Amino acid sequence: MDCLFCALIAGEIPSKRVYEDDAALAFLDIAPWQEGHTVVVPKRHTVDVLADDDALAEIAPAVARVGRLLKERLGADACTVLSNAGAASGQEVFHTHVHVLPRWEDNPGVANMRTRVTADLDDVWRRTAEG
């Protein structure tokens, strides 16, 4: 399988799954910008949010649920939700995906979106999986 996210969805590559429904899978990003940085992907392959009119709508409920889950379980004050469409935007994996980044009042705004995360990924995953 050529697509990294399709391989994750198929279970061929391990991931720290945070949420799953019939249309979407959400997992912790392995290079997080914030503690709890989660990626939400549609289970069917599409290249990006601009290439398929329905892809974003299909995963929107999962994006909202993941945002609420991260706020509840990690104590975040808010979330940044973003998606890159195309290489020039910074997209690195060409399967539609939305980043959900928990945010805290002491580190607000776009300028502080990318921070050095020192939390252990397994510990963060355990905290998001509780409940």
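Of the contacts in the protein chain with a separation of 6 or more, 58% are between residues 24 or more positions apart, where contact means heavy atoms within 4.5 Å. The structure is a predicted model, in which local features need pLDDT of at least 70 and side-chain atom pairs count only at pLDDT 80 or more, while totals for chains, interfaces and linings use all residues. Residues are numbered from 1 along each chain as its sequence is written, and side-chain values use heavy atoms, with hydrogens and water left out.

The pLDDT, which is the predictor's confidence in each residue on a scale from 0 to 100, averages 93 over the protein chain, and 98% of the residues score at least 70.

Read along the sequence, they follow the pattern α-β-β-β-α-β-β-α. For 131 residues, a compact globule would have a radius of gyration near 14 Å, and the 14 Å of this chain agrees with that; the radius is taken over C-alpha atoms, and the globule rule is 2.2 Å times the number of residues to the power 0.38. The C-alpha trace spans about 35 × 30 × 25 Å along its principal axes.

Of the 131 residues, 42% count as buried, which means under 20% relative accessible area, whereas exposed means over 50% and partly exposed lies in between (1.4 Å probe, protein chains only). The accessible surface of the protein chain comes to about 7100 Å², and 51% of this surface belongs to carbon and sulfur atoms; the areas come from the Shrake-Rupley method with a 1.4 Å probe, and for residues only the protein chains shown count as cover.

Valine 41 is placed in strand β3 and counts as buried because its relative accessibility is 0%. Leaving out residues up to four places away in sequence, valine 41 touches Phe5, Ile9, Ala23, Ala24, Leu25, Phe27, Ile59, His95, Thr96 and His97. Valine 39 also lies in strand β3, and its relative accessibility of 2% is why valine 39 counts as buried. With neighbours within four places in sequence set aside, the contacts of valine 39 include Phe5, Leu25, Phe27, Asp29, His97 and His99. Valine 39 and phenylalanine 27 are 12 residues apart in sequence, and their C-alpha atoms are 5.5 Å apart in space.

Beyond this strand, threonine 46 lies in the loop between β3 and α2 (55-74) and, at 5% relative accessibility, counts as buried. Threonine 46 touches Asp52, Ala55, Phe94, His95 and Thr96, not counting residues up to four places away in sequence. By contrast, the C-alpha atoms of threonine 46 and leucine 28, 18 residues apart along the chain, are separated by 20 Å.

Tyrosine 19 belongs to strand β1 (residues 17-20) and, at 18% relative accessibility, counts as buried. Apart from neighbours within four places in sequence, tyrosine 19 is in contact with Ala24, Leu25, Ala26, Ala62, Arg65 and Val66. Tyrosine 19 and proline 61 are 42 residues apart in sequence and 11 Å apart in space, C-alpha to C-alpha.

Terms used: Helix = DSSP H or I, 4+ residues; strand = E, 2+ residues; numbered from the N terminus.
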